[in-house]
Amino acid sequence: MLLRLRSMPSLIDALFMPSCCACGQEAPLIVVPHVGVRACEVCALDLWATDIQVSLRECRRRYAFFEYDGPVVRLLSRAKDEAYGSHYYAVLALFTDAAAQLISHERAVEIIVTPVPPSLRRSLTGWYLPSAMARHLAKKINAKYAHLLRRKKQVARQSDLGAIERWTNVHGCFAPRRFPMRNFTKDSLVVVVDDVSTTGASLGEAVRCLRQIGYTNVMAISLAISPLRSRGC
Ligand SMILES: [Zn+2]
(Lines give C-alpha, C1' and ligand atoms only; values in the text may rest on other atoms or scores of the structure.)
Protein backbone atom coordinates (compact mmCIF):
# COMPACT_ATOMS: atom_id res chain seq x y z
CA MET A 1 0.00 0.00 0.00
CA LEU A 2 2.79 2.36 0.98
CA LEU A 3 4.62 1.54 -2.25
CA ARG A 4 1.50 2.24 -4.27
CA LEU A 5 1.06 5.57 -2.53
CA ARG A 6 4.68 6.42 -3.23
CA SER A 7 4.13 5.79 -6.92
CA MET A 8 1.33 8.35 -6.98
CA PRO A 9 3.17 11.56 -6.09
CA SER A 10 0.74 13.86 -7.85
CA LEU A 11 -2.12 12.41 -5.82
CA ILE A 12 -0.19 12.87 -2.57
CA ASP A 13 0.65 16.43 -3.60
CA ALA A 14 -2.96 17.13 -4.43
CA LEU A 15 -4.13 15.85 -1.04
CA PHE A 16 -1.44 17.18 1.26
CA MET A 17 0.74 19.66 -0.56
CA PRO A 18 -1.16 21.68 -3.11
CA SER A 19 1.80 24.00 -3.70
CA CYS A 20 4.37 24.62 -6.45
CA CYS A 21 6.97 21.81 -6.43
CA ALA A 22 9.79 24.34 -6.92
CA CYS A 23 8.97 27.55 -5.05
CA GLY A 24 6.22 26.44 -2.68
CA GLN A 25 3.70 29.06 -3.79
CA GLU A 26 0.20 27.77 -3.14
CA ALA A 27 -2.03 28.84 -6.03
CA PRO A 28 -2.75 29.03 -8.93
CA LEU A 29 -0.94 25.90 -10.07
CA ILE A 30 -0.69 24.09 -13.37
CA VAL A 31 0.47 20.56 -14.09
CA VAL A 32 3.69 20.39 -16.12
CA PRO A 33 2.83 18.32 -19.26
CA HIS A 34 4.23 14.75 -19.58
CA VAL A 35 5.73 14.92 -16.11
CA GLY A 36 2.66 15.42 -13.95
CA VAL A 37 4.25 17.66 -11.30
CA ARG A 38 2.47 20.79 -10.08
CA ALA A 39 4.11 24.16 -10.42
CA CYS A 40 3.14 27.82 -10.46
CA GLU A 41 3.06 29.44 -13.90
CA VAL A 42 6.51 31.02 -13.54
CA CYS A 43 8.28 27.80 -12.46
CA ALA A 44 6.32 25.64 -14.93
CA LEU A 45 7.84 27.56 -17.84
CA ASP A 46 11.35 26.98 -16.45
CA LEU A 47 10.63 23.29 -15.91
CA TRP A 48 10.30 22.68 -19.62
CA ALA A 49 13.12 20.26 -20.47
CA THR A 50 15.34 21.08 -23.43
CA ASP A 51 18.15 18.86 -24.64
CA ILE A 52 21.44 20.62 -24.02
CA GLN A 53 24.45 18.90 -25.52
CA VAL A 54 27.89 19.91 -24.33
CA SER A 55 30.43 17.35 -25.52
CA LEU A 56 33.28 16.18 -23.34
CA ARG A 57 36.68 15.07 -24.52
CA GLU A 58 35.91 11.63 -23.09
CA CYS A 59 32.32 11.56 -24.26
CA ARG A 60 30.76 13.29 -27.24
CA ARG A 61 27.31 12.25 -26.05
CA ARG A 62 26.98 14.25 -22.87
CA TYR A 63 23.52 15.76 -22.25
CA ALA A 64 21.65 17.87 -19.73
CA PHE A 65 18.04 19.01 -19.75
CA PHE A 66 18.06 22.22 -17.70
CA GLU A 67 20.29 25.14 -16.92
CA TYR A 68 21.07 25.00 -13.19
CA ASP A 69 19.10 28.09 -12.37
CA GLY A 70 15.84 29.31 -10.79
CA PRO A 71 13.31 26.61 -9.83
CA VAL A 72 15.67 23.78 -10.84
CA VAL A 73 18.16 24.87 -8.14
CA ARG A 74 15.39 24.94 -5.50
CA LEU A 75 14.02 21.58 -6.62
CA LEU A 76 17.40 19.85 -6.67
CA SER A 77 18.68 21.23 -3.40
CA ARG A 78 15.52 20.06 -1.59
CA ALA A 79 15.48 16.69 -3.39
CA LYS A 80 19.14 16.05 -2.49
CA ASP A 81 18.38 16.20 1.21
CA GLU A 82 14.88 14.73 1.46
CA ALA A 83 14.07 11.32 0.05
CA TYR A 84 10.43 10.60 -0.81
CA GLY A 85 9.27 14.20 -0.57
CA SER A 86 7.38 15.96 -3.34
CA HIS A 87 10.63 17.58 -4.61
CA TYR A 88 12.21 14.15 -4.92
CA TYR A 89 9.33 12.90 -7.08
CA ALA A 90 9.39 16.05 -9.18
CA VAL A 91 13.12 15.58 -9.90
CA LEU A 92 12.66 11.90 -10.76
CA ALA A 93 9.73 12.68 -13.05
CA LEU A 94 11.53 15.52 -14.86
CA PHE A 95 14.70 13.49 -15.35
CA THR A 96 13.10 10.20 -16.33
CA ASP A 97 10.72 11.73 -18.85
CA ALA A 98 13.44 13.71 -20.66
CA ALA A 99 16.09 10.95 -20.49
CA ALA A 100 13.70 8.24 -21.72
CA GLN A 101 12.87 10.36 -24.78
CA LEU A 102 16.55 10.96 -25.48
CA ILE A 103 17.49 7.28 -25.13
CA SER A 104 14.54 6.12 -27.26
CA HIS A 105 16.54 7.23 -30.33
CA GLU A 106 19.41 4.89 -29.44
CA ARG A 107 19.62 1.49 -31.07
CA ALA A 108 21.17 -0.71 -28.41
CA VAL A 109 20.35 -4.32 -27.66
CA GLU A 110 20.98 -3.88 -23.96
CA ILE A 111 21.09 -0.72 -21.86
CA ILE A 112 22.73 -0.40 -18.44
CA VAL A 113 22.05 2.67 -16.29
CA THR A 114 24.66 3.52 -13.67
CA PRO A 115 25.11 6.50 -11.31
CA VAL A 116 28.32 8.48 -10.84
CA PRO A 117 29.71 7.00 -7.57
CA PRO A 118 28.86 9.07 -4.46
CA SER A 119 31.39 10.83 -2.28
CA LEU A 120 32.18 9.18 1.06
CA ARG A 121 30.05 11.78 2.83
CA ARG A 122 27.05 10.96 0.63
CA SER A 123 27.51 7.19 0.91
CA LEU A 124 27.59 7.48 4.71
CA THR A 125 24.29 9.34 4.80
CA GLY A 126 22.89 6.41 2.81
CA TRP A 127 20.92 8.65 0.51
CA TYR A 128 22.17 9.65 -2.92
CA LEU A 129 19.97 11.31 -5.52
CA PRO A 130 21.80 10.17 -8.73
CA SER A 131 21.30 6.52 -7.66
CA ALA A 132 17.56 7.11 -7.27
CA MET A 133 17.45 8.88 -10.66
CA ALA A 134 19.35 6.05 -12.36
CA ARG A 135 17.16 3.37 -10.78
CA HIS A 136 13.98 5.18 -11.74
CA LEU A 137 15.16 5.67 -15.33
CA ALA A 138 16.20 2.01 -15.67
CA LYS A 139 12.76 0.91 -14.52
CA LYS A 140 10.98 3.23 -16.95
CA ILE A 141 12.97 2.19 -20.04
CA ASN A 142 13.24 -1.46 -19.00
CA ALA A 143 17.02 -1.33 -18.76
CA LYS A 144 19.44 -2.84 -16.23
CA TYR A 145 20.45 -0.81 -13.21
CA ALA A 146 23.90 -1.45 -11.78
CA HIS A 147 26.72 0.24 -9.90
CA LEU A 148 29.48 -0.40 -12.42
CA LEU A 149 31.91 1.95 -10.68
CA ARG A 150 33.04 2.65 -7.13
CA ARG A 151 34.99 5.49 -5.60
CA LYS A 152 38.62 4.56 -5.16
CA LYS A 153 39.83 7.64 -3.33
CA GLN A 154 38.30 10.65 -1.66
CA VAL A 155 38.80 14.03 -3.27
CA ALA A 156 38.33 17.68 -2.32
CA ARG A 157 34.88 19.17 -2.85
CA GLN A 158 34.49 20.01 -6.55
CA SER A 159 32.45 23.13 -5.79
CA ASP A 160 35.49 24.74 -4.11
CA LEU A 161 37.68 24.38 -7.21
CA GLY A 162 38.24 26.01 -10.59
CA ALA A 163 37.87 24.28 -13.98
CA ILE A 164 41.34 22.75 -14.38
CA GLU A 165 41.64 21.90 -10.69
CA ARG A 166 38.36 19.96 -10.95
CA TRP A 167 39.74 17.67 -13.66
CA THR A 168 42.98 16.93 -11.80
CA ASN A 169 41.05 16.53 -8.55
CA VAL A 170 38.86 13.68 -9.82
CA HIS A 171 41.50 12.03 -12.00
CA GLY A 172 41.76 8.34 -11.07
CA CYS A 173 39.16 8.62 -8.29
CA PHE A 174 36.83 5.94 -9.74
CA ALA A 175 37.50 2.25 -10.28
CA PRO A 176 35.44 -0.69 -11.54
CA ARG A 177 33.33 -2.40 -8.88
CA ARG A 178 35.10 -5.23 -7.11
CA PHE A 179 32.95 -8.05 -8.51
CA PRO A 180 32.35 -7.40 -12.23
CA MET A 181 28.87 -8.12 -13.61
CA ARG A 182 29.60 -11.19 -15.72
CA ASN A 183 26.21 -11.30 -17.43
CA PHE A 184 26.71 -7.85 -19.00
CA THR A 185 28.03 -7.67 -22.55
CA LYS A 186 30.55 -4.97 -23.37
CA ASP A 187 28.44 -3.94 -26.41
CA SER A 188 25.75 -2.60 -24.06
CA LEU A 189 24.92 1.08 -24.07
CA VAL A 190 25.96 2.44 -20.67
CA VAL A 191 24.16 5.56 -19.45
CA VAL A 192 26.01 7.40 -16.67
CA VAL A 193 23.71 9.54 -14.52
CA ASP A 194 24.46 12.58 -12.36
CA ASP A 195 22.18 15.25 -10.91
CA VAL A 196 24.19 18.41 -11.73
CA SER A 197 27.35 18.73 -13.78
CA THR A 198 29.52 21.79 -14.20
CA THR A 199 32.74 21.20 -16.13
CA GLY A 200 31.79 17.54 -16.57
CA ALA A 201 34.93 16.42 -14.73
CA SER A 202 33.22 13.68 -12.69
CA LEU A 203 31.15 12.47 -15.65
CA GLY A 204 34.26 12.51 -17.86
CA GLU A 205 36.23 10.51 -15.32
CA ALA A 206 33.37 7.98 -14.99
CA VAL A 207 33.24 7.60 -18.79
CA ARG A 208 37.03 7.19 -18.98
CA CYS A 209 36.90 4.46 -16.33
CA LEU A 210 34.02 2.65 -18.11
CA ARG A 211 36.00 2.68 -21.37
CA GLN A 212 38.97 1.17 -19.55
CA ILE A 213 36.76 -1.73 -18.42
CA GLY A 214 35.75 -2.23 -22.06
CA TYR A 215 32.41 -0.44 -22.49
CA THR A 216 32.73 1.55 -25.72
CA ASN A 217 29.15 2.77 -26.11
CA VAL A 218 28.72 5.28 -23.29
CA MET A 219 26.37 8.26 -22.77
CA ALA A 220 26.56 10.78 -19.92
CA ILE A 221 23.37 12.48 -18.74
CA SER A 222 22.84 14.98 -15.95
CA LEU A 223 19.55 16.64 -15.07
CA ALA A 224 21.07 20.12 -15.03
CA ILE A 225 24.21 21.86 -16.19
CA SER A 226 25.71 24.71 -14.26
CA PRO A 227 28.10 27.31 -15.68
CA LEU A 228 31.32 27.49 -13.68
CA ARG A 229 31.09 30.69 -11.70
CA SER A 230 34.47 32.18 -10.94
CA ARG A 231 35.20 32.15 -7.26
CA GLY A 232 35.17 35.35 -5.28
CA CYS A 233 32.70 37.14 -7.58
ZN1 LIG B 1 6.80 28.14 -8.39
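Hi everyone, two housekeeping points before we start. Residues are numbered from 1 along each chain as its sequence is written. As the model is predicted, local features need pLDDT of at least 70 and side-chain atom pairs count only at pLDDT 80 or more, while totals for chains, interfaces and linings use all residues.

Let's begin with the sheet. Helices (H or I, at least four residues) and strands (E, at least two) are DSSP runs, numbered from the N terminus. Two strands pair if DSSP finds at least two bridges between them. Here six strands make an open sheet with mixed pairing, in the order β3-β4-β10-β9-β5-β6. At the edges stand β3 (52–53) and β6 (144–145); each has a single partner strand, so one side of each is left without a neighbour in the sheet. β3 runs antiparallel to β4 (residues 62–67), joined by two bridges. Glutamine 53 has tyrosine 63 in β4 as its bridge partner.

Now please find β9, residues 189–197. How many of its residues are buried? Nine of nine, so this strand is mostly covered, where buried means 20 or more other C-beta atoms within 10 Å of the residue's own, exposed means 12 or fewer, and partly exposed lies in between, with C-beta atoms placed from the backbone. On one pairing, β9 is parallel to β5 (residues 111–115) over five bridges, and proline 115 has valine 193 in β9 as its bridge partner. In another, eight bridges join β9 to β10 (residues 217–225), again in the parallel sense. There, serine 197 stands opposite isoleucine 225 of β10.

On to the helices. Two packed helices are described by the angle between their axes and the distance between the axes. The axes are lines fitted to C-alpha atoms, for helices over the stretch in contact, and angles run from 0 to 180 degrees between N-to-C directions.

Take α5 (residues 86–103) and α7 (residues 129–141): their axes come within 9 Å and cross at roughly 50 degrees. That makes α5 and α7 oblique to each other; angles under 35 degrees count as roughly parallel, over 145 as roughly antiparallel, 65 to 115 as roughly perpendicular and the rest as oblique. The crossing of α5 and α7 is right-handed, meaning that the near helix is turned clockwise from the far one by less than a right angle, with anticlockwise being left-handed. Residues meeting here include Phe95 and Ala99 from α5 and Met133 and Leu137 from α7, where contact means C-beta atoms, placed from the backbone, within 7 Å. This contact divides into eleven nonpolar, two polar and one charged residue. Nonpolar covers Ala, Val, Leu, Ile, Met, Phe, Trp, Tyr, Cys and Pro; charged covers Asp, Glu, Lys and Arg; the others, Gly among them, are polar.

Next, α8 (residues 163–170) and α9 (residues 201–213) have axes within 9 Å that cross at roughly 35 degrees. Their crossing is right-handed. Arg166, Trp167 and Val170 of α8 make the contact with Ala201, Ser202 and Glu205 of α9. Of these, three are nonpolar, one polar and two charged.

Last, two loop residues. Asparagine 142 sits between α7 and β6. Its phi is near 60 degrees, positive in a residue other than glycine. Asparagine 142 is exposed because 7 C-beta neighbours lie inside 10 Å. Proline 28, in the loop between α2 (9–16) and β1 (29–31), is exposed too, with 8 other C-beta atoms within 10 Å.

Key: Two residues are in contact if their C-beta atoms, placed from the backbone, lie within 7 Å.
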